[in-house]
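Visitor: I would like to go through the labels used for this model and ask what stands behind each one.
Guide: Go ahead; the structure comes up here.

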Amino acid sequence: MRIIGGQWRGRRLLAPTGKDVRPTADRTREALFNILAHAPLGQAPLGGSVWLDVFCGTGAVGLEALSRGAETCLFVDRDVSLARANFTALGASPAVVQGDATKLGPRSLARPADFAYLDPPYGRDLLTPALEALRAGDWLAPQALVILESAASETISLPLPFKLHDSRVYGAAKLWFAGL
């Protein structure tokens, strides 16, 4: 695993040894950031944006966003030890919430997020409660782009008022692009 673009391009990230964390593949992250750079879905520009990396695992997606010019990223997961190790290796010190992404409570960032990436464990039905927690806690800007990762074979159901814009399959993963 490595950072694909930006200031940390080519830097290696620590990857998990077991099966508890399933990092977003380099190819999938590269495709995601190419989509964001070249085919905007009505979202804010990447430079200067606020990100949420929810169910962050290794922190690879949020670190990729920071490497490419995001102003800040909040990393959320029950276990942030691997993400913290990657932050240290890169000399980064972003904000972290260690806890349940489905029970975030009120926003702790200065401003709502322009982008939110949610990559929960596959097949555990955590997307809906996490999205509801983000909306209820005022974590998302009105035009925020929410990117959800699921297994390619899964279908998802978005809670209101979220609307699906697009979806793409990359190997075993499927990315869903949604907004409020």
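Visitor: Why is arginine 78 called exposed?
Guide: Its relative accessibility is 57%. Exposed means over 50% relative accessible area, buried under 20%, and partly exposed in between (1.4 Å probe, protein chains only). Arginine 78 therefore counts as exposed.

Visitor: What kind of model is this, and how are residues numbered?
Guide: This is a predicted model, in which local features need pLDDT of at least 70 and side-chain atom pairs count only at pLDDT 80 or more, while totals for chains, interfaces and linings use all residues. Residues are numbered from 1 along each chain as its sequence is written, and side-chain values use heavy atoms, with hydrogens and water left out.

Visitor: What makes the pair of arginine 78 and aspartate 100 a salt bridge?
Guide: A salt bridge requires a side-chain nitrogen of Lys or Arg within 4 Å of a carboxyl oxygen of Asp or Glu. Here the N to O distance is 3.1 Å, so the pair meets the definition.

Visitor: Why is this pair said to tie parts of the chain together?
Guide: Arginine 78 is in the loop between β2 (72-77) and α3 (81-90), and aspartate 100 is in the loop between β3 (95-98) and β4 (113-118), so the bridge joins parts 22 residues apart in sequence. Helices (H or I, at least four residues) and strands (E, at least two) are DSSP runs, numbered from the N terminus.

Visitor: Why is aspartate 100 labelled partly exposed?
Guide: Its relative accessible area is 22%, so aspartate 100 falls in the partly exposed class.

Visitor: How many salt bridges are there in the whole structure?
Guide: A search finds ten. One of them joins glutamate 64 and arginine 29 at 2.9 Å, N to O. Glutamate 64 is in helix α2 (residues 60-67) and arginine 29 in helix α1 (residues 26-38), 35 residues apart. Both residues are buried. They also belong to a salt-bridge network with Arg2, Asp26 and Arg68.

Visitor: How do you know that tyrosine 117 is buried?
Guide: Tyrosine 117 has a relative accessible area of 1%, so it is classed as buried. This residue lies in strand β4.

Visitor: What makes the link between tyrosine 117 and glutamate 149 a polar contact?
Guide: The side chains are joined at 2.5 Å. A polar contact is a pair of N or O atoms within 3.5 Å; within protein, one must be able to donate a hydrogen and the other to accept it, and residues adjacent in sequence count only if both atoms are side-chain atoms. The link between tyrosine 117 and glutamate 149 is therefore listed as a polar contact.
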